[in-house]
Amino acid sequence: MMSWMKWVPILLAAVLLSPLAAPAAGAAANHYCITCHGEKTVINKGAHLYIDPVKYELTTHAKIGCVACHDNVTKRHPADGVRPSRAKCQDCHSSVFSEYQQSSHSQYAGCTDCHKPHATKPLLAVSSRDINSQCAKCHEYSQTVKSHSKWLPRAALHIDALPCITCHTGSENYFITLYMAIKASGSPLGGFNLADFDDLRPFLSAGKNAETMIDSDGDGAISVSELKKFNTNSRYRNIILLGTMMPEVVTHSYQILNNRWDCTFCHVSGSKAQQISYLAFPGQDGAYGRMEVEKGAILDILYGTPDFYMIGFTRSKILSIIGGLIAAAGLMVPILHGTLRFLTRNRRKEQ
Amino acid sequence: MSPDTTMEKIYLTPTPVRIWHWLNALGIVTLCVTGLQIRFPEYANIFGTYKAAIKLHDVAGVTVSISFLIWFFYYLFVARNLVKLYVPNLDDIRQGLFKQAFFYFFAYFLGRQNPHTATQESKFNAIQKLSYLFIMFLFLPLVIVSGLLLMNIEPLRGWIVMIGGIAFLADAHYLIACSFFAFLCVHIYMATLGHTPFSHFRQMWTGWEEVESGGRSK
């Protein structure tokens, strides 16, 4: 009995690795591949052979399966000594590839320099910090701030708050994404870092996700009253919501559209795309989930997003009117007093 | 002013204070205009680009902050009459405020005399004292501190969060600025109430004020 059992994994692999079984069975075959490639001991044979099972499971590539890209893997791998093939990125991502080839980046970096095929995440599942850490591999932070300071006011603030691809993009529109940030210990003045799941774990009941901290009614959306509860809850006093702008679509041209040089492309009230906002929650797996925020919440100064403000854009209409009334009251004094002064000029001359 | 009244000149405003005043005036007008463009860029494009408005706002803000410090230290340590000039005394509160308000809003139109006499020791009437007290010791420090915080958001984020967040800070800065604009309107108008419409302006430029001899300032 034992003698035929040893053939079970090989038979299973034969079925699952068959090109005919992909891609439907491809994802299922991953399990077989990960059995070895998900073990850290495989690093002894080559660091590139290790695949983090948790990160890989989140990728779109996991859905199509290992053999979709490594299609010459045989039933006898690795005993057969055949080096598995690697599909080229452009085999599937041809339009992205041709767009990227036209950008100046293509001379310096290939696809996998930024996107690890076994760990890549969709745009919505990454934070702006994750995105910028990719850029920072080549574009050193202080140099980036220095070069942007030549024309961009508050360059460091912009670079800290925004993913680089917010400006270096072909995307016409943006949406606002709010991230939870937690106060860094030992930093009384500044020091708020983007919170990951481990940072938020002390605030969560067992088995609960980070979204339960704000989405108290569990309806899958964030209302202004839920933001109020979160912002006024003393338990969360060291957690704030920081906002950033994410491009609506991902492009690989990295061009700066002409209107982006004009500050008022962003710093202006009224852009419809910017009125849409989401809250990004860090998941246990390192990826971010997101939830839609009630429209107008970013304009509510008391309860919406007290720690996110973009001049010219998130101004409160009510306070703008109050300010206008204060200014108008000041103007009325010379007008009214001056009118009476004019009307009584003869009487004052007599005196 | 009766036809037989003679005028005499008194030196009312020392040079450092006049330099501070005009520097401050230029700064605050610049801040109001650039601030208008910064808050309402779609309605007010005065300086061409938003960036130009921001940079000018920063420069004017720092200038006003420094000139405020010069003013404060000058009066506190050199002239040593800060409290005497700017803090209303008991007489000001009991009678001065009412008398002065009555003059501005009623007696002035009848051609009556200003109840306050301007001297080097008592430059301001009760209403001026109270207004300048609020402006110089409350509104100006608040607008300077909020402005400096807004210029340094990242390094001072912890403090900004502690005082209620950046949205609160930015809107408070705006509302105080609107109060400054209101004050400016009243201040400039009131400066025309001298014995000629430009006499107070001239005084703030030369330092010398014309007052009725042995009598009232205008």
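This report describes selected features of chains A and B in a predicted model.

## Basis of the model

Local features are given only where pLDDT is at least 70 and side-chain atom pairs only at pLDDT 80 or more, while totals for chains, interfaces and linings use all residues. Residues are numbered from 1 along each chain as its sequence is written, and chains are lettered from A and ligands numbered from 1 in the order in which they are written.

## Chain A overall

Chain A contains 17 helices and six strands. Helices (H or I, at least four residues) and strands (E, at least two) are DSSP runs, numbered from the N terminus. Of its 351 residues, 24% count as buried. A residue is buried if 20 or more other C-beta atoms lie within 10 Å of its own, exposed if 12 or fewer, and partly exposed in between, with C-beta atoms placed from the backbone.

Among contacts in chain A between residues at least 6 apart in sequence, 65% join residues at least 24 apart. Two residues are in contact if their C-beta atoms, placed from the backbone, lie within 7 Å.

## Strand 5 of chain A

Strand 5 (residues 277-282) of chain A is largely enclosed by the rest of the structure, because six of its six residues are buried. A:Ser277, A:Leu279 and A:Phe281 point one way from this strand, and A:Tyr278, A:Ala280 and A:Pro282 point the other way. In a regular strand, side chains alternate between the two faces of the sheet.

Strand 5 of chain A pairs with strand 1 (residues 174-183) of chain A in the parallel sense over four bridges; two strands pair if DSSP finds at least two bridges between them. A:Ser277 is the bridge partner of A:Ile176. With strand 6 (residues 288-293) of chain A, strand 5 pairs in the antiparallel sense over six bridges, and A:Arg290 is the bridge partner of A:Ala280. Strands 5 and 6 of chain A form a hairpin with five residues between them, and A:Gly286 in the turn has a positive phi of about 90 degrees.

## Backbone exceptions in chain A

A cis peptide bond, with omega about 5 degrees, joins A:His77 and A:Pro78. A:Pro78 lies in the loop between helix 6 (66-69) and helix 7 (89-92) of chain A.

A:Arg154 is not a glycine, yet its phi is positive, near 55 degrees. A:Arg154 sits in the loop between helix 11 (141-149) and helix 12 of chain A, and is partly exposed, with 19 other C-beta atoms within 10 Å. A:Tyr254, also not a glycine, has a positive phi of about 55 degrees. The loop holding A:Tyr254 runs between strand 4 (239-247) and helix 15 (272-275) of chain A; A:Tyr254 is partly exposed, with 18 other C-beta atoms within 10 Å.

## Helix 5 of chain B

Helix 5 (residues 126-151) of chain B has 26 residues and reaches 36 Å from its first C-alpha to its last, close to the expected 38 Å. The expected span is 1.5 Å times one less than the number of residues. This helix bends by about 30 degrees at B:Ile135, the bend being the angle between axes fitted to the seven residues ending there and the seven starting there.

Buried residues of helix 5 of chain B include B:Leu140, B:Val143 and B:Leu150. The buried residues of this helix pack against helix 2, helix 3, helix 4 (90-105) and helix 7 (166-190) of chain B.

## Interface

In the interface, 47 residues of chain A are in contact with 36 residues of chain B. Helix 16 of chain A gives the most to the chain A side, with 14 residues.
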